[in-house]
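Hello,

The structure we discussed follows below. My notes on it come after that.

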Amino acid sequence: MPTLAPPDSHGIVCALSVERSGFRLDVELQIRGQGITALFGASGAGKTSLLRLIAGLERGRGSLYVLGECWQDDAKRIFVPVHRRALGYVFQEASLFPHLSVRENLGYAQKRRHSEPASVPFEGVVDLLGIAPLLARMPANLSGGERQRAAIARALLATPRLLLMDEPLAALDAARKADVLPYLERLRAELSIPILYVSHALDEVARLADNLVLLQHGSVVAAGPLGDLLSRLDLPLAVGEQAGVVIEARVAVHDAQHALTRLDFGDSSLWVSALNQPIGARSRARVLARDVSLALSPPGPSSILNVLSARITELRDQGPDRVNVRLLVGSGEAPLLARVTRRSRDELGLRPGLTVYALVKSVSVTA
Amino acid sequence: MLSAADASAVRLTLELASLTTALLLLLGTPIAWWLARTTSRWKGPIAAGVALPLVLPPTVLGFYLLLLCGPNGAIGRLSAALGLGTLPFTFGGLVVGSTLYSLPFVVQPLQNSFEAIGARPLEVAATLGAGPWDRFFTVAVPLARKGFITAAILGFAHTVGEFGVVLMIGGGIPNKTRVLSVAIYEHVEALEYSDAQFLAAGLVAFSFLVLLALYSLRADSRPS
C-alpha cells in the first residue's frame with residue numbers, strides 16, 4: 001500500500017484500519033473537500049465505524065489528513081484528540097444535552113468553537129435550520145425532527161471544517177424525515193465545508209449526495225461522483241428495486257395549465273410535476289431503472305410524457321429473467337438505466353451501440 | 001433538656017458528618033467515575049473493596065484502623081514520623097474512620113448515575129470541543145446531579161448514625177470524640193434513660209426527615 005502523504009491537499013485523505021472481534025475495517029480513501037459525500041452500505045458495512053475513526057471517537061491504525069491538517073499519523077505518532085479536531089458531528093439519535101435548553105445547547109458549541117464566530121453567525125444558523133421558535137425549549141419537549149435540526153445547528157456553531165453526519169434521519173419516521181430533508185438540502189447549497197454523510201437509504205443518498213463511497217464488509221467497493229456510481233452495472237447499487245440514476249438538470253419551462261415543469265439536461269428534457277422553482281434553477285431528477293422501458297421506434301400516441309432517444313452502452317444480466325441496460329441519453333453524456341426482461345432483450349436484439357427510445361414512466365424530483 | 005456535654009456531642013456529630021461528607025464526595029467522585037467507565041480487570045476487586053464496609057461489622061473496621069494507625073501500626077509510625085501524631089482517640093481519627101466506613105454509600109449512587117449517563121453525551125461534548133475536565137464538569141456532573149444529592153445525604157446521615165467505628169477509634173472522649181451515638185450509649189450504661197431518650201428520639205426524627213427528603217427527591221427525579 002503506498003503511503004498517502006499529500007497533507008497539503010484540499011480534501012480528506014485517509015488510510016485507516018481497525019479490527020474488532022469478528023469485524024475488520026480497512027479503508028483507503030481520498031474524498032473531495034467540498035459537497036456531500038455519502039458513505040453508503042448495508043448495516044455492518046463499517047460506515048459508522050469509519051465515521052467514528054475520522055472523528056477520533058475511536059482509535060484505529062493509520063493516517064488521516066483533513067484539508068491539509070494532520071489528525072492522525074501513526075508513523076509520526078500523531079493522534080489529535082476529538083475535542084481538538086475542528087469537526088461537527090451529528091449523531092443518529094437525539095444527542096442534545098437534556099439539562100440544557102436549545103439555546104444553551106447552541107451556546108455550548110459556540111463557546112468552544114474552533115474558529116472565529118464571524119464565520120458562522122448564530123442567527124444565520126438558526127435561520128438556516130428554522131429553529132428560532134425552539135430556542136427557549138428543553139430538548140425533552142421537542143419532536144424528533146426538531147431535535148435533529150437543533151443538533152445540526154449546534155454542530156455548525158462549533159465552526160467545523162468538516163461536518164460528519166451519522167444517519168441523521170434514520171431514527172425518524174417518514175413524516176419527520178420529510179421535515180428535515182429540505183434543511184439538509186439547504187445545508188448542501190449554503191455550506192462551503194465538506195460533509196460526510198452516513199446512510200443506508202439509497203433514496204436519501206440520491207437526493208443529497210454529490211459523491212458516493214460504497215462500503216461493503218469493511219472495505220471500499222467503489223468511490224466517485226454519485227451519478228457515475230449510480231449508473232454502473234457492476235456495483236451492488238444496480239441490484240435492488242432502488243437501482244436508478246440521478247440527472248442534474250435545469251428548470252426550463254413551466255406549463256401552468258397542466259401543472260408540469262420541463263427540466264432540460266444536455267440536448268434532452270423531462271416533464272415532471274410542477275416545481276416551485278424559478279426558470280434556470282438547478283434540479284436533480286431521479287429515474288429508477290424499473291420505471292424505464294425500451295422501444296426500437298418512437299411510440300405512437302401514448303400517455304407516456306417522457307420519451308428519450310438514447311444509445312445503449314452496456315447490458316448485464318440481473319437475476320434469471322431480468323437485464324439491466326445502461327444508456328446515454330441524446331448526444332450527451334447523461335446516463336440512464338433501464339431494467340427489461342431477457343426475453344425483451346432477445347426479441348428487440350438489444351446490444352451495445354444500438355439507439356433506442358427510452359420510455360420513462362416516472363421521475364422523482366429532488367431540490 | 002440538653003446538657004452542655006450533650007450539646008457538645010451534637011455539635012461534634014454535625015462537624016464530623018459535614019467534614020466527612022465533604023471528604024467522601026472528594027474521594028468518592030473519582031472512584032465512582034473510574035468504576036463507571038473503566039474496563040480494567042481491577043474494576044471487580046476495587047468495587048468489592050469499596051463495598052466491604054457494607055457487610056463488615058463496624059467493629060472490625062475500627063479494630064484494624066486502630067491497629068494500623070496506632071503507635072505500632074504502619075500508618076501510625078508514618079504519621080508520627082511526619083510529626084502528625086497518631087490518629088486513634090482524636091477527631092481526625094473519627095473523620096478517617098467514618099470516611100472509610102461510609103464510602104460505599106457515596107460511591108454507589110454516584111457510580112450508578114455516572115453509568116446511567118452513558119458514553120454518548122460525553123462523546124457529543126468532545127465533538128463540540130470540550131476537553132476531558134470540561135466534559136466532566138459541564139456534562140457528567142450536571143447529568144449526575146441527583147446522584148450527588150443522594151450520595152451527600154446518605155453519606156451525611158450514615159455518618160451521624162455511626163457507632164461501632166467511632167467507638168473503637170474515638171473512644172468517647174468528651175468534646176473531642178464523644179459523638180451522639182456514643183453519648184446515647186453512655187447514658188444508657190449510666191441508666192440515664194431520659195437523657196438517652198431525648199437524644200435517641202432526636203436521631204429517629206432526624207433520620208426519618210433525611211429519608212423522607214431522599215425519597216421525595218427520587219419521586220420527582222424522572223427526567224423533565
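At 1.5 Å a residue, the 16 residues of α8(B) should span 22 Å, and the end C-alpha atoms of α8(B) are 23 Å apart, which agrees. Please keep in mind that this is a predicted model.

Much of what I noted concerns burial and packing. In α8(B), the buried residues are G147(B), T150(B), A151(B), L154(B), G155(B), F156(B), A157(B), H158(B), T159(B) and V160(B). The cover over them includes α1 (4-37), α5, α10 (180-189) and α11 (193-219) of chain B.

Of these, I looked at α5 in detail. The axes of α5(B) (residues 91-117) and α8(B) (residues 145-160) come within 8 Å and cross at roughly 160°. Angles over 145 degrees count as roughly antiparallel, so α5(B) and α8(B) are roughly antiparallel to each other. Their crossing is right-handed.

On the α5(B) side, the contact is made by S98(B), S102(B), F105(B), V106(B), P109(B), L110(B), N112(B) and S113(B). They meet K146(B), G147(B), F148(B), T150(B), A151(B), L154(B), G155(B), H158(B) and T159(B) of α8(B). By type, the residues of this contact are seven nonpolar, nine polar and one charged.

Chain B also touches chain A, in a contact that takes 15 residues from chain B and 21 residues from chain A. On the chain B side, the elements giving two or more residues are α6 (120-127) and α7 (132-143). The most comes from α6(B), with six residues. That side of chain B divides into nine nonpolar, four polar and two charged residues.

Regards

Conventions. Residues are numbered from 1 along each chain as its sequence is written. Chains are lettered from A and ligands numbered from 1 in the order in which they are written. This is a predicted model: local features need pLDDT of at least 70, side-chain atom pairs count only at pLDDT 80 or more; totals for chains, interfaces and linings use all residues. Axes are lines fitted to C-alpha atoms, for helices over the stretch in contact, and angles run from 0 to 180 degrees between N-to-C directions. Helices (H or I, at least four residues) and strands (E, at least two) are DSSP runs, numbered from the N terminus. Angles under 35 degrees count as roughly parallel, over 145 as roughly antiparallel, 65 to 115 as roughly perpendicular and the rest as oblique. A crossing is left-handed if the near helix is turned anticlockwise from the far one by less than a right angle, and right-handed if clockwise. Two residues are in contact if their C-beta atoms, placed from the backbone, lie within 7 Å. Ala, Val, Leu, Ile, Met, Phe, Trp, Tyr, Cys and Pro count as nonpolar, Asp, Glu, Lys and Arg as charged, and the others, Gly among them, as polar. The expected span of a helix is 1.5 Å times one less than its number of residues. A residue is buried if 20 or more other C-beta atoms lie within 10 Å of its own, exposed if 12 or fewer, and partly exposed in between; C-beta atoms are placed from the backbone.
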